[in-house]
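Hi everyone, thanks for coming.

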Amino acid sequence: MSYKDRRRFLWILFLIGLGLIAVVAQATTLVRLRFQDLVHYSYSVARVRCVRSRTMMESGEIWTDITFQVLWQEKGYLPGEIVVRQPGGKFMHLHSHVEGTPEFRPGEEVYLFLSGHPGRQFFIVGWTQGTFRIHRDPFTSVETVTQDSAAVPVFDPATDTFTRTGTRSLPADIFEQRVRRETLRQAETTSSNR
């Protein structure tokens with residue numbers, strides 16, 4: 001192999017390596033959270049309506065604060081409006097996308113599993129795993145709930161594989177009953193362990 005061929009080969013390897021580094025640097029791996037874990041790690045579970053969002057730059061990072069109106073809640077206390085903070089967003093001419101963070105549109109209603117405390121920003125537990133979209137059938141007006149992570153592969157440490165699991169097309173009233181039942185179960189378990 002001539003000097004020119006070796007040099008070209010090394011440049012190709014270098015560029016492939018840079019490409020792989022860029023791909024890995026943008027990857028986000030979410031560890032699967034069971035429904036019980038979502039309830040456990042949440043300060044509150046709420047049905048909310050997206051009101052508006054605001055993107056800002058802090059310490060060189062882009063963040064988006066989304067304001068939601070609280071329509072229903074279980075566990076903890078939430079005021080009438082809350083702010084949920086997420087990494088990423090569009091700020092001036094910059095765009096930062098963090099894989100695994102849900103996006104919201106004004107007027108959209110969702111169920112969120114939230115961590116944090118009133119008076120501060122909240123965060124969504126497990127990002128797409130803690131976000132449940134509400135779909136209303138235009139003919140019957142029946143509402144169903146689908147977990148955002150149902151379409152995203154999530155790492156399951158028990159099986160050491162990536163799986164697509166999650167809630168799909170569950171009636172909203174049954175979802176709320178499931179949240180209430182799990183919240184009560186965990187509260188009873190905590191009080192009996194004292």
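Let's start with a term: buried means under 20% relative accessible area, exposed means over 50%, and partly exposed is in between, using a 1.4 Å probe and protein chains only. Now some housekeeping. This is a predicted model, where local features need pLDDT of at least 70 and side-chain atom pairs count only at pLDDT 80 or more, while totals for chains, interfaces and linings use all residues. Residues are numbered from 1 along each chain as its sequence is written, and side-chain values use heavy atoms, with hydrogens and water left out.

So, is E109 buried or exposed? E109 counts as buried, because its relative accessibility is 17%. You'll find E109 in strand β6, residues 109-115; strands here are DSSP runs of E, at least two residues, numbered from the N terminus.

Which side chains does E109 make polar contacts with? There's R47, at 2.6 Å, and R49, at 2.7 Å. A polar contact is a pair of N or O atoms within 3.5 Å; within protein, one must be able to donate a hydrogen and the other to accept it, and residues adjacent in sequence count only if both atoms are side-chain atoms.

On to backbone angles. Most residues other than glycine have a negative phi. W127, though, has a positive phi, near 50 degrees. W127 sits in the loop between β7 (123-124) and β8 (131-136), and is partly exposed because its relative accessibility is 25%.

S141 also has a positive phi, near 65 degrees. Look for S141 in the loop between β8 and β9 (143-147); with a relative accessible area of 48%, S141 is partly exposed.

Definitions and conventions: Helices (H or I, at least four residues) and strands (E, at least two) are DSSP runs, numbered from the N terminus.
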